[in-house]
Amino acid sequence: MVSEPVEDMPYTAPPPPPPPQQPATPATAAQPDQLTLKFRDMNGFSIDFKLKPVTKLGKAMTAFSARMEKDPKELRFLSEGRRVLPEQTPLDLDLEDGDEIDVHMEQIGGHMI
């Protein structure tokens, strides 16, 4: 078996370095890591929650209900007059840092005269 001398072997250039990582897209860069949302009831009791934009609001709703010693089903959560559901996220509702969620007691029934 005959081998070629090293000097006669063709030169191959090393592979180019990988391109530098692209910076985050503007849409991603504009989103903060955490938002502070204020949950406030009609009596003035309020709690601030720090949440990620993709965290379901049900976690904060349950914690607020526990602090008030109420069943979460007895409370209604509203953002700008719209009902907030536990499976929604701040991103779904376009909430920003410092926004407030109003908490009301559920009212059932009524009486016609």
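## Salt bridges and a negative patch

The count comes to 3 salt bridges, a salt bridge being a side-chain nitrogen of Lys or Arg within 4 Å of a carboxyl oxygen of Asp or Glu. The model is predicted, so local features need pLDDT of at least 70 and side-chain atom pairs count only at pLDDT 80 or more, while totals for chains, interfaces and linings use all residues. Residues are numbered from 1 along each chain as its sequence is written, and side-chain values use heavy atoms, with hydrogens and water left out.

| Aspartate 48 | Lysine 38 | 3.9 Å |

Aspartate 48 forms a salt bridge with lysine 38, and because aspartate 48 lies in strand β2 (residues 46–51) and lysine 38 in strand β1 (residues 35–41), the pair ties together parts that are 10 residues apart in sequence; strands are DSSP runs (E, at least two residues) numbered from the N terminus. Aspartate 48 is partly exposed at 47% relative accessibility, a class between buried (under 20%) and exposed (over 50%), computed with a 1.4 Å probe and protein chains only.

A negative surface patch is formed by Glu80, Asp92, Asp94, Glu96 and Asp97, where patch residues have over 30% relative accessible area and no salt bridge, like charges being joined within 9 Å. Glutamate 96 is found in the loop between β4 (82–83) and β5 (100–105), and counts as exposed at 55% relative accessibility.

Technical notes: Patches are made of residues with over 30% relative accessible area and no salt bridge: like charges are joined within 9 Å, nonpolar side chains (Val, Leu, Ile, Met, Phe, Trp, Tyr) within 5 Å. Accessible areas come from the Shrake-Rupley method with a 1.4 Å probe; for residues, only the protein chains shown count as cover. Lys and Arg count as positive and Asp and Glu as negative; His and the chain ends are not counted. The place of a charge is taken as NZ of Lys, CZ of Arg, CG of Asp or CD of Glu. Helices (H or I, at least four residues) and strands (E, at least two) are DSSP runs, numbered from the N terminus.
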